[in-house]
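Q: Got a model up here. Can we walk through it together?

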Amino acid sequence: MKIFIDTADIDEIRDAAAMGLVDGVTTNPSLIAKTGRTLEECIRDICEIVDGPISAEVLATDAEGIVTEGRKLAAIHENIVVKVPLIAEGLKAVQVFAAEGIKTNVTLCFSPTQALFAAKAGATYVSPFIGRIDDISGEGMELIEQIVTIYSNYGFQTEVLAASIRHPVHVVQAALLGAHAATIPHKIIHQLLKHPLTDAGLARFLEDAKKTPAG
Ligand code: G3P
């Protein structure tokens, strides 16, 4: 399973990348806004740190505008993946990008049929937002299962990128269901890493080592 980090915060990306845990990065307009910098500034810095797919989201909502914006983003670096909303105009733009060899991440996916259409349009990734489905008393994980099954039934190449991850169990379940990738906030990457028995075991070893005569 590929691990992407869901942030535009450079320090968070550096930290996770230094552990070898970042196959790619996803951003969105809300994450960019938190940095107080422009999308282009953030993306250029991220591309310096991570050699993998970096999702940058368009703001236009008409196909022509999405294509224009997406081409500009794609020209920034070869690793840019243009993030496009899962709306009719978005799918029109995805077809154009696919024909031009520009990678896309079709975002804000909340149903299996939306995911099927994204794949048919030629999306590189589809991003089902599982946490936001759970937020309204749905079962986000069911959506992952449905999309993985549909894509596998018909041999679609589009990768399922589990997004809107809120806790470690989301990552475990998405991996068990065969999601190709998960995009995970920095805090949750550390939660996934930490284990109380590792910490206790390390503390014990360090304590016991003090009893060993210096060699
Ligand atoms: O990158 C998009 C996605 O991961 C958003 O997550 O927590 O805002 O629903 P969240």
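Q: Which residue forms a salt bridge with Arg71, and how far apart are the closest N and O atoms?
A: Glu100, with the closest N and O atoms 2.5 Å apart. A salt bridge here is a side-chain nitrogen of Lys or Arg within 4 Å of a carboxyl oxygen of Asp or Glu.

Q: What kind of model is this, and how are residues numbered?
A: It is predicted: local features need pLDDT of at least 70, side-chain atom pairs count only at pLDDT 80 or more, and totals for chains, interfaces and linings use all residues. Residues are numbered from 1 along each chain as its sequence is written, and side-chain values use heavy atoms, with hydrogens and water left out.

Q: How many salt bridges does the structure hold?
A: Ten. Among them is Arg37 with Asp45, closest N and O atoms 3.0 Å apart.

Q: Switching to the ligand. Which polar side-chain atoms lie by its oxygen atoms?
A: Asp6 has one 2.5 Å from a ligand oxygen. Ser164 has one at 2.7 Å, and Asn28 one at 3.3 Å.

Note on methods. A polar contact is a pair of N or O atoms within 3.5 Å; within protein, one must be able to donate a hydrogen and the other to accept it, and residues adjacent in sequence count only if both atoms are side-chain atoms.
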